[in-house]
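Visitor: Please take one part of this model and go through it closely. I would like to hear about a pocket and the parts of the chain around it.

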Amino acid sequence: MTYREPPTAPTVALGPIVPGEAVTEPAPPGRGRFGPTLDRAFDPRSNSVNALRLVLAGLVLFSHTLKLHGGSDPLGRLTGGDVDIGTMAVDGFFALSGFLIVGSYLNSPSTGRYLWRRCLRILPGFWVCLLVTVFVVLPIAQLLTLGTLEGFPLTGEASALSYLVDNSALFIRQFEVDGLLGGEPVNGSLYTLFYEFLCYLGVAALGAVGLLRRRTWPLLVVAGLVWLFVVGQLVTGAGIYEASDTLSIAVRFGAMFLAGAVVHRLAHHIPVGWAGGAVASALLVSAVVLAVQAGGDPQSTLVYVVVAPLAVAYLVLLLGARPELRRIGARRDLSYGLYVYAWPVQILLIVAGASLWPVALFGVGSLVIALGMAWASWTWVEAPALRLKSWSPRRT
């Protein structure tokens with residue numbers, strides 16, 4: 001996916017892969033006027049959400065494989081910007097997350113418990129990834145490049161330790177470490193976790209003031225205001241949108257998250273079926289075609305964000321509601337680990353000379369290694385952390 005330049009450092013348009021929780025008790029089988037509605041079709045105990053997340057993570061890795069190997073994302077080449085295979089997969093993650101996270105809040109006994117569970121899901125794996133990157137990946141990269149650890153940039157400005165400390169609060173302030181990886185980001189995948197957590201906080205804020213559990217209109221108003229802002233920026237030349245990369249990233253991913261959240265609140269009105277999937281697919285294709293015709297960023301991304309969010313949300317939930325792949329990821333959800341480790345694995349392979357390999361070998365090799373890292377992350381970090389989701393401090 002294409003690089004986005006925040007005010008201080010390069011990023012790439014990746015995205016979070018943070019599994020949600022069960023959204024509601026399964027409803028009895030039933031059909032609406034145009035078929036089964038989403039609230040009845042989506043069974044939180046029997047769905048393909050984990051499999052879908054793994055596929056989306058694979059698409060992100062595929063996009064990076066082409067770019068890091070010296071090529072380009074074919075869709076991004078057509079649109080001239082951030083509407084490419086990788087970013088569209090990330091959009092799917094945000095839309096799916098919006099649906100699941102609203103359900104997580106509604107199933108939580110309190111806002112505090114909801115935030116505790118969200119922190120457990122995202123922070124331990126993130127922090128351990130930072131530690132592994134600083135104390136394993138970066139030293140190996142220097143050994144492969146120079147054959148020695150002498151002069152390793154452990155401390156100082158733009159050093160390994162500053163990378164660890166400056167990024168520990170989720171907002172990625174430092175992307176590179178001086179003298180290593182040829183100036184490439186150490187892990188271009190992590191920065192969107194901050195925007196994911198902002199969405200969590202937005203849900204918590206609406207819920208805490210009583211505007212989420214029994215009312216749908218506040219969420220619709222927020223989504224409508226974001227949509228109107230994007231339309232306004234498209235019409236007026238994107239002055240505000242381009243002025244802040246943080247804002248532009250938040251608007252895009254926030255629009256996708258809100259689409260999923262709105263679909264959750266209106267699930268009892270939304271029929272699911274392949275006819276609806278065909279309509280949503282046609283709308284998504286139209287969004288991509290319009291992005292191509294817009295001729296590059298920011299217009300291509302703005303056009304896409306105006307048209308695509310509800311189509312993306314419908315498609316990921318249509319696929320996620322299917323029960324056929326329910327066993328994939330049921331015991332070990334590797335999608336988050338694959339997301340956070342794929343980039344450092346791939347960049348390390350490039351340092352080791354993988355740019356000379358056939359691109360297919362590079363892609364398959366990085367996928368296998370990253371899945372191994374994801375398995376370790378789930379087994380020793382993520383799953384143990386999630387066992388604390390019902391923990392409370394003892395009363396004294």
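Guide: The model is predicted. The second largest pocket holds about 330 Å³ of space. Its lining is made by 20 residues, and the closest to the pocket centre are Trp-227, Ala-255, Ala-259, Pro-309 and Leu-310. Helices H8 (217-236), H10 (245-265), H11 (274-294), H12 (299-307) and H13 (309-320) each give two or more residues to this lining. H8 gives the largest share, five residues. By class, 18 of the lining residues are nonpolar and two are polar, with no charged residues.

The peptide bond from Asp-297 to Pro-298 is cis, with omega near 0°. Most peptide bonds are trans.

Another loop, between H8 and helix H9 (239-243), holds Ala-238. Ala-238 has a positive phi, near 65°, and is not a glycine. Ala-238 counts as buried because its relative accessibility is 0%, and the cut-off for buried is under 20%.

Elsewhere, helix H5 (residues 111-146) packs with helix H14 (residues 335-351) at an angle of about 5°, and their axes lie 10 Å apart. The two helices are therefore roughly parallel, a term that applies to angles under 35 degrees. Among the residues in contact are Phe-126 and Val-132 of H5, and Tyr-341 and Leu-348 of H14. By class, this contact has 15 nonpolar, two polar and one charged residues.

How values were computed. Residues are numbered from 1 along each chain as its sequence is written. This is a predicted model: local features need pLDDT of at least 70, side-chain atom pairs count only at pLDDT 80 or more; totals for chains, interfaces and linings use all residues. Side-chain values use heavy atoms; hydrogens and water are left out. On a 1 Å grid over the protein atoms alone, a cavity is a set of points where a 1.4 Å probe fits but cannot get out, and a pocket is an open set with protein on both sides within 12 Å along at least five of seven lines; lining residues have an atom within 4 Å of a point. Grid points are joined across faces, edges and corners, and a volume is the space filled by probe spheres set on the points. Helices (H or I, at least four residues) and strands (E, at least two) are DSSP runs, numbered from the N terminus. Ala, Val, Leu, Ile, Met, Phe, Trp, Tyr, Cys and Pro count as nonpolar, Asp, Glu, Lys and Arg as charged, and the others, Gly among them, as polar. Axes are lines fitted to C-alpha atoms, for helices over the stretch in contact, and angles run from 0 to 180 degrees between N-to-C directions. Angles under 35 degrees count as roughly parallel, over 145 as roughly antiparallel, 65 to 115 as roughly perpendicular and the rest as oblique. Contact means heavy atoms within 4.5 Å. Buried means under 20% relative accessible area, exposed over 50%, partly exposed in between (1.4 Å probe, protein chains only).
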